[in-house]
Amino acid sequence: MIKPANLAIFLSGKGSNFASILSAITNGSLNAKVVVVISNNSAAGGLVIASKNGIPTEVLVRENFASGEDFGTTMLNVLKRHECDFIALAGYMRKIPSVVIRAFPKRIVNIHPALLPKFGGKGMYGHHVHEAVIAAGETESGATVHFVDEIYDNGDVIGQKSIPINSDETPESLANRVLEVEHQLYPEILQQLVTRLN
Ligand code: GRF
């Protein structure tokens, strides 16, 4: 068997995408091991999921460091200590320090709850995305997995899955339907990526 890729998950919130990644690992459809979960938010539900699964966690808060450089170096050291091959952002609400982005070229990915390049960029997160999609009268939305670079939602798109928007759609119903799509798409794309690594 090919050695599982060592995956770091970055999250800020409830961690349902993280949970879907763990399920895919358990059912054998994703050949990876989550070696560490990093959060900026000590109250993130995703940290509880990590602890329940015996996965190490690290809470790294930029404001607790004297400089952005210290913050970035500490994050990089955590990733090195856990021998991470790959980073998956799963609802991580902060920018990744440049030093980390440079150390993992094409090895950091993010999932976004819309069809990029539409409805991405600063301020386009959570309910804002789905409200904007409906206000624009779009007929479809979906999820996008893309590489992470130094600009929000800017890196190359790796994969997308779309769904039609229903006539009675609300931002809430769309958010729920897109999240289901995310839970399928993210593990699938991660498996494609880790296969390419080996
Ligand atoms: C998802 O909608 C994802 O697309 C976005 O943040 C949300 C995270 O949700 N980047 P969860 O914490 O994985 O449930």
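Trainee: Leaving aside its neighbours within four places in sequence, which residues is Val78 in contact with?

Mentor: The model is a predicted one, in which local features need pLDDT of at least 70 and side-chain atom pairs count only at pLDDT 80 or more, while totals for chains, interfaces and linings use all residues. Residues are numbered from 1 along each chain as its sequence is written, and side-chain values use heavy atoms, with hydrogens and water left out. Val78 lies in helix α3, where helices (H or I, at least four residues) and strands (E, at least two) are DSSP runs numbered from the N terminus. With contact taken as heavy atoms within 4.5 Å, and with neighbours within four places set aside, the partners of Val78 are Val36, Ile38, Glu58 and Leu60.

Trainee: How far apart are the C-alpha atoms of Val78 and Val36?

Mentor: Val36 is among the contacts of Val78 once neighbours within four places are set aside, and the two residues stand 42 residues apart along the chain. The separation of their C-alpha atoms is 8.6 Å.

Trainee: Does Val78 count as buried or exposed?

Mentor: The classes rest on relative accessible area, with buried under 20%, exposed over 50% and partly exposed in between (1.4 Å probe, protein chains only). Val78, a residue of helix α3, has a relative accessibility of 3%, so the class that applies to Val78 is buried.

Trainee: How many residues apart are Glu188 and Lys161?

Mentor: The side chains of Glu188 and Lys161 form a salt bridge of 3.5 Å, N to O, which links helix α6 to strand β7 (residues 157–164). Glu188 is partly exposed at 41% relative accessibility, and Lys161 is partly exposed at 26%.

Trainee: What distance separates the closest N and O atoms of Arg177 and Glu169?

Mentor: A search of the whole structure finds five salt bridges, and Arg177 with Glu169 makes one of them. Arg177 is partly exposed with a relative accessible area of 24%, whereas Glu169 is buried at 10%. Their closest N and O atoms are separated by 2.4 Å.

Trainee: Which geometry do the rings of Phe10 and Tyr92 adopt, stacked or edge-to-face?

Mentor: The whole structure holds two aromatic pairs, a pair being rings of Phe, Tyr or Trp (its six-membered ring) with centres within 6.5 Å, stacked if the planes are under 30 degrees apart, edge-to-face if over 60 and tilted for the rest. The ring centres of Phe10 and Tyr92 lie 5.2 Å apart with their planes at 80°, so this pair is edge-to-face.

Trainee: How many residues apart in sequence are the parts that Phe10 and Tyr92 tie together?

Mentor: Both Phe10 and Tyr92 are buried. Phe10 lies in strand β1 (residues 5–11) and Tyr92 in the loop between β4 (86–89) and α4, so the parts joined by this pair are separated in sequence by 82 residues.

Note on methods: Salt bridge = Lys/Arg side-chain N within 4 Å of Asp/Glu carboxyl O.
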